[in-house]
Amino acid sequence: MTRGLILLVLLLIPWIPIGDPIHYVLRLATMLMLYMVLALGLNVVTGFIGYLDLGYVGFYAIGAYTSALLSGYNDIPYLIVFFVVILHGCLWGILRGIPTLGLTGDYFAIVTFGFSELIVLIIRNEVWLTRGPMGITGIKGPSMFGYTLSRDWEFFYLILFILTLAIVIIKRMENSRIGRAMAAIRDDEVAAEACGIDARRYKMLAFALSASFGAAAGSFYAHWLGVAHPDMFHFWESILILCIIIIGGMGSVSGIILGALVLIPTTELLRAALLALSQWGTSAGITFISPDIVNARYLIFGIILVLMMRLRPDGLKR
Amino acid sequence: MNWQEVLDRSSLFLLQLTNGLTLGSIYALIAVGYTMVYGVLELINFAHGEVYMMGAFIAYHLVSVYDVPFFAAFAIALVICSAFGIFLEYFAYRPLRDARRLVALISAIGMSIFLQNLALIIWGAQQKSFPYKKLPSLFSSMAFTLGDINLSYLQVFIFLLSVVLMFVLHYIIRHTKTGMAMRAIAQDAKAASLMGINLNRVISFTFAAGSFLGAVAGVLVGVYYNAIWPTMGYMAGIKAFAAAVLGGIGSVPGAILGGTILGVAEAFGAGYISSAYRDGIAYAIMILVLIFKPAGLLGKSVVQRR
């Protein structure tokens, strides 16, 4: 009942009669939902089976570039593109899973980090395929039934649909045999195996699922912005997504939504505030505030991570 | 193939080798810090790369702003970084020592991000370099020249300093009481503390020593490449970690060997295969080692711990 109501309210958002600022609201809302999809995907590995994935942005990049190269210039129906992207993400999730399957927590974190750096390195250097540091520009909107999406509210509905799909999948999985097996692996992998859970299989499943979520989000991102560039997939993105699931409390869908609701607007506000500060600093001739202070909004993520781990390791919700 | 060609090729080879050894000794210095902390705490100190970056920045700041002589600035940076290493452990890791592994790991990453951005605020994203005139003039002169190969005193200095520090470290670990305590904790922390070893003090010492070596590497890199920037720690940190994994994490000789091999491999890879993928070589080596020989070259294979 409440869920239906929330969905109805969300569906009505693009039609709030507030005039021009609606574009800003829609963009922020789209961004928020995009990060929710990403966080839900990362949560499958970090929250469900308890492995710290520091390279999630790699799948995001794979999704974005796959989508950009497939349908950036051609008229392939988006549904087909979307499935290809998801399968491609899945494939890389499994490929990355093969060497990391036997690793313990901190090794896993480092290898995943190395993986995403390698992906970005390849994107930057294989100019014949990805145009390297020039990036792919002018990506067309997703085309559906002969119509190409381009307006803000169309993208809003598309990501709302993807998010709803993601939440349904996660919710269904959470309370199923698979979800319980994953929770058992998170709590104690050895004990779970002793109880007859095939840990390798469930871990692989988690890697593949998580990767396909990331790729789907990346595909949307590329079409939404119309650009794919290696700089969009910086390590910080992985950390931002990680912060979202940590603030909300790892493992729960409502926690992730809460985390995104808290963190994404905060970073937007911080960016605006720091930009104003740096402009004021330049105009007032204060030299100790460097113009790079805008990028320092990530400082707050570091503080969040350390303090959350010390004070509330299970998230704000619990 | 005529003689000239052979000479050219061999001089290119030697050039890469000297570059690789210089780079390798720097990686080894950082890798030892990772491996020591992993030995006693079984935790990857993600902020270690940031200590390395801070060492470089502090020395740079002292030299360029306060006009401190280079070697004095070097020493001050080392002391500050060692103290900082102790603080880091006290603030971010000690309260979480009994928590789940994931929790401590996330706290470590949080510290690393915090420090990187702190440096970004203080010093800006622009690359900095040591003022040329304030460096010892010996650094820029050549120790010897053979054909096309120039070996600078700086390279010799980096290599010798690393070797000396490694021997000192070896002595501390093998022949002092603190070193013995470190080895005991690495074997079994609980039993060690029951035998009357002050766990906190030894762990603090480990962090101080690791940060000291990391800061040495940071300053040396800052001089060698003439570039210091806020995110230099994260790339170097990951590469050094790869070196520690290659040598077998937890083993100090392994970290030295791994660092040297990685440095040489990187120099040769950049010279002969592709300089664009220079940074990828470390990741590739790390992933291959983890697949085929997870214990590393000199590490002992242990039962999976968690």
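**Domains and chains**

Reply: Happy to! In chain A, the C-alpha centres of domain 1 and domain 2 lie 22 Å apart. Please keep in mind that this is a predicted model.

Me: Where are domain 1 and domain 2 in chain A?

Reply: Domain 1 of chain A covers 23-233, and domain 2 of chain A covers 234-318.

Me: How many residues of each are in contact?

Reply: On the domain 1 side of chain A there are 30 residues, and they are in contact with 20 residues of domain 2 of chain A. Between them, these two domains bury about 2,100 Å², and carbon and sulfur atoms give 77% of that area.

Me: Which residues in domain 1 of chain A lose the most area there?

Reply: Leu32(A), Tyr35(A) and Met36(A) do, and together they make up 24% of what the domain 1 side buries.

Me: How many salt bridges are there between the two domains of chain A?

Reply: The count is zero. For polar contact, there are three residue pairs between domain 1 and domain 2 of chain A, both residues being at pLDDT 80 or more.

Me: And which helix gives the most to the domain 1 side?

Reply: That's α2(A), with 14 residues. By class, the side of domain 1 of chain A that touches domain 2 of chain A has 22 nonpolar, four polar and four charged residues.

Me: Great, changing topic to the two chains. How many residues does each chain bring to the contact?

Reply: Chain B brings 46 residues and chain A brings 46 residues. The two chains bury about 4,100 Å² between them, with 75% of it on carbon and sulfur atoms.

Me: Which three residues of chain B supply more of that area than any other three?

Reply: Those are Ile106(B), Tyr234(B) and Tyr277(B), which supply 15% of the area that chain B buries against chain A.

Me: What about salt bridges, how many between chain B and chain A?

Reply: Zero salt bridges are counted between chain B and chain A. Three residue pairs are in polar contact across the two chains, both residues at pLDDT 80 or more.

Me: Which helices of chain B are on the side that touches chain A?

Reply: α4 (101-123), α9 (232-247) and α11 (278-292) of chain B each supply at least two residues there. The largest share comes from α4(B), with 16 residues.

Me: Last one: what's the makeup of that side by class?

Reply: The side of chain B that touches chain A has 32 nonpolar, eight polar and six charged residues.

Definitions and conventions. Residues are numbered from 1 along each chain as its sequence is written. Chains are lettered from A and ligands numbered from 1 in the order in which they are written. This is a predicted model: local features need pLDDT of at least 70, side-chain atom pairs count only at pLDDT 80 or more; totals for chains, interfaces and linings use all residues. Side-chain values use heavy atoms; hydrogens and water are left out. Contact means heavy atoms within 4.5 Å. Buried area is the accessible area (1.4 Å probe) that two parts lose on being put together, summed over both. A salt bridge is a side-chain nitrogen of Lys or Arg within 4 Å of a carboxyl oxygen of Asp or Glu. A polar contact is a pair of N or O atoms within 3.5 Å; within protein, one must be able to donate a hydrogen and the other to accept it, and residues adjacent in sequence count only if both atoms are side-chain atoms. Helices (H or I, at least four residues) and strands (E, at least two) are DSSP runs, numbered from the N terminus. Ala, Val, Leu, Ile, Met, Phe, Trp, Tyr, Cys and Pro count as nonpolar, Asp, Glu, Lys and Arg as charged, and the others, Gly among them, as polar. Domain bounds come from an automatic or database domain assignment.
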